[in-house]
Amino acid sequence: MVKTLNMILRDLREDHDLKQETVARYLGISQQTYSNYENGHREIPVTVVKELAKYYRVSTDYLLRSDAGYLGNLNMNDAYIDDITMHDVIYDLQSLEAAERKNLVKYIRFLHQDSK
């Protein structure tokens, strides 16, 4: 299933544990307008797409699906998921035994394959 812009925006917002109201406030629009964007009831202006790309630190290409390679925020000290940094993730990975790391990679590939 190919994700549309509104689906990607919803996923990003939920990944960052944000409410629609928070994103709408950032954009200077009403929560209802933003909700209409996420629900596909209203076309999203290019200026809003650009602002959302900045807000989530992703490319506009990613949002518009011309680049499917969103890796999240790769600054090692910024929050990657919730309050967990990429540094924390790497540290945890390095503490695993070799067999555990192999199993983790297999699991990640399984999840990636399952999402297609």
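## What "partly exposed" means here

A residue is called buried when its relative accessible area is under 20%, exposed when it is over 50%, and partly exposed in between. Glu21, with a relative accessible area of 47%, therefore counts as partly exposed. Keep in mind that this is a predicted model.

Glu21 has a partner: its side chain meets that of Arg25 in a salt bridge (3.4 Å, N to O). Both residues sit in helix α2, four residues apart, or about one turn of the helix. Arg25 counts as exposed, at 55% relative accessibility.

## A salt-bridge network

The structure holds five salt bridges. Some of them join up: Arg10, Arg13 and Glu38 are linked in a network. In the pair formed by Arg13 and Glu38, the closest N and O atoms are 2.5 Å apart. Arg13 belongs to helix α1 and Glu38 to helix α3, so this pair ties together parts that are 25 residues apart in sequence. Arg10 meets Glu38 as well, at 3.6 Å from N to O, and here the two partners are 28 residues apart.

## Helices α1 and α4

Take α1 to begin with. Its buried residues are Leu5, Asn6, Ile8, Leu9, Leu12 and Arg13. They cover an arc of only 160° around the axis, which puts them on the same side of α1. Their cover includes α2, α3, α4 and α5. Just past the helix, Asp17 takes a positive phi of about 50°.

Now for α4, which spans residues 46–56 and has Val48, Val49, Leu52, Ala53 and Tyr56 buried. Looking down the axis, these fall within an arc of 140°, so they line one face of the helix. They pack against α1, α2, α3 and α5. The face turned away from that buried side carries the exposed residues Thr47 and Lys54. After α4 comes Arg57, with a positive phi near 60°.

## The nonpolar core

The largest nonpolar core has 18 residues, and Tyr34, Leu52 and Leu63 have the most contacts inside it. Helices α1, α2, α3, α4 and α5 each supply at least two of its residues, and α4 gives the most, with five. Leu63 touches Leu5, Ile8, Leu9 and Leu12, among others.

## A patch on the surface

Phe110 lies in helix α7, which covers residues 98–114.

Definitions and conventions. Residues are numbered from 1 along each chain as its sequence is written. This is a predicted model: local features need pLDDT of at least 70, side-chain atom pairs count only at pLDDT 80 or more; totals for chains, interfaces and linings use all residues. Side-chain values use heavy atoms; hydrogens and water are left out. Buried means under 20% relative accessible area, exposed over 50%, partly exposed in between (1.4 Å probe, protein chains only). The arc is that of the directions from the helix axis to the C-beta atoms. Contact means heavy atoms within 4.5 Å. A nonpolar core is a set of buried Ala, Val, Leu, Ile, Met, Phe, Trp, Tyr and Cys residues joined through side-chain atoms within 4.5 Å. A salt bridge is a side-chain nitrogen of Lys or Arg within 4 Å of a carboxyl oxygen of Asp or Glu. Lists of a residue's contacts leave out its neighbours within four places in sequence.
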